[in-house]
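Me: Can you walk me through reading salt bridges and symmetry in a model like this one?

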Protein chains: 2
Amino acid sequence: MAQIAYVNGAYVPLSEAGVNIEDRGYQFADGVYEVCLVVDGQFWDEAGHLARWGRSLDALSIRRPISDRALKIVMNQVVRKNRLDSALVYMQATRGVAPRNHPFPGDAVSPSLVLTARRFRLENSNQIAARGVNVITAPDIRWARVDIKSISLLPNILAKEAAQRAGAGEAWLLRDGAVTEGTSSNAWIVNAAGELVTHPKGHAILGGITRETLLHCAASLQIKVVEKQFSLADAMAAREAFLTSATNLVMPVVKIDEKKIGDGRPGPLTMRLREAYIRECRARAG
Amino acid sequence: MAQIAYVNGAYVPLSEAGVNIEDRGYQFADGVYEVCLVVDGQFWDEAGHLARWGRSLDALSIRRPISDRALKIVMNQVVRKNRLDSALVYMQATRGVAPRNHPFPGDAVSPSLVLTARRFRLENSNQIAARGVNVITAPDIRWARVDIKSISLLPNILAKEAAQRAGAGEAWLLRDGAVTEGTSSNAWIVNAAGELVTHPKGHAILGGITRETLLHCAASLQIKVVEKQFSLADAMAAREAFLTSATNLVMPVVKIDEKKIGDGRPGPLTMRLREAYIRECRARAG
């Protein structure tokens, strides 16, 4: 069966799903996106993703292409039309199509909206988590507003490509000596005191929805969390390390730049948090 | 007559010119572009633009979609098919269409190539130059590799929008106290000693093709040029100020953040350089 995409009001085969070459998303990276996880027919953290979607659009002064209520219907439809039970739903909005010119076009230009869905298997993710992933490090050369979930992702893909070439699953980004986050995930360590440490929110990281839910899970498990910068040396010396994202959930990191973290196997606290996260998402969605 | 665009081998009406929603230019800003000026049927600085096109593609490890020889033919055709004599030719290449995933797709994925052309009138540009333009200033929050002419332009359009709202034609960007460049042009001043000052090349500015040709013109006119950083205070105190880009040629700046530069009219050295630039481009193209 051909994959089905949603493009500006219509459901079309993905291979025929197009936008005009003067869409500002194509010429200026003038747009935002979200990736939402669906497991066993239920959206996880849907409210959090929709809230951030709204914040990103507001930050760039892009109008909502459709209401959140209508968007939820499209999100469900794109999963259903692709006959998926567990899926990654990708949604992107841009400022729309206008003759190429840097300033925003007038209000007559409607924003563009596209959605796709593709298969996700929680079992596969669990299998990867059982082994853990390696990360490399790279300089954080991104712009100063990465808290906006924009499609301006060129530095991210360059660092992720470097990671893949090095046999790693992610690159942790270093700015002024601190690990800010990964190219598409937040970065966490468990320090010698058994505390969770992760970079504080602000303009320097994307405030992850999975990150927020995990903070809640940690509190429930009475695990102390410190939101502060940590260095590469801190990460190398950590008991455990992991990353979070909607796609990865809670994913153990077992090596950083070829150095084993702890004993080089997924950490016990990390695995407890992963289980707690999955339980929490199922409970919230149910 | 409908505008005609070139998209991956075909000439099509612009309104029907589309790319797939999974083009990496649309989802990741994974592409590069050039804007070339055609005046009276002749491309200005064509060799310089093609050389930079190649450098940008190489920097991102994107294959050339077609040879430079074939590209020149398409550049000419897109002007001819739009029945233009003077035009701005826009060309963009991206890494191509692949299922959304951060790392580069395999070599089987072909890069995408699109070109458009639209009318340019040198008389209009001359009229604007006779009055000069205002600029505002804004923090330079772009990524650390703006020397690559990528389509990752979100910070640029945000600053240009701010300029337009303030009634200005450009925003000059400030990093660590220095004016780096404009959002789509290089920045220059004439200091008290009558020297031209502009930010040195490197990762912090886009090395303009117009900038290069103007350096040559200045040398011919025996005007001293100093490629070094200058501050906002230096700019405010300058005798003259101007900006350069393929679209603007050499454009006098008469106000910065509402402060008049010199007597608030286009400077004499600036206008001499503008004339020299036009003469040089005509001579090279002829």
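Reply: Start with burial: buried means under 20% relative accessible area, exposed over 50%, and partly exposed in between (1.4 Å probe, protein chains only). By that rule Glu181(A) is buried, and so is Arg142(A). This is a predicted model, where local features need pLDDT of at least 70, side-chain atom pairs count only at pLDDT 80 or more, and totals for chains, interfaces and linings use all residues. Residues are numbered from 1 along each chain as its sequence is written, chains are lettered from A and ligands numbered from 1 in the order in which they are written, and side-chain values use heavy atoms, leaving out hydrogens and water.

Me: What is the distance between the closest N and O atoms of Glu181(A) and Arg142(A)?

Reply: A salt bridge is a side-chain nitrogen of Lys or Arg within 4 Å of a carboxyl oxygen of Asp or Glu. For Glu181(A) and Arg142(A), the closest N and O atoms are 3.0 Å apart.

Me: Which residue forms a salt bridge with Arg95(B)?

Reply: Asp30(B), with the closest N and O atoms 2.6 Å apart. Arg95(B) counts as buried at 6% relative accessibility, and Asp30(B) is buried at 0%.

Me: And how do I read the symmetry?

Reply: Two copies of a chain are related by a rotation about an axis and a shift along it. Here, a 180° rotation with 0.0 Å of shift along its axis puts chain A on chain B, RMSD 0.0 Å (least squares on the C-alpha atoms of residues with pLDDT of at least 70 in both). That is the relation of a two-fold axis.
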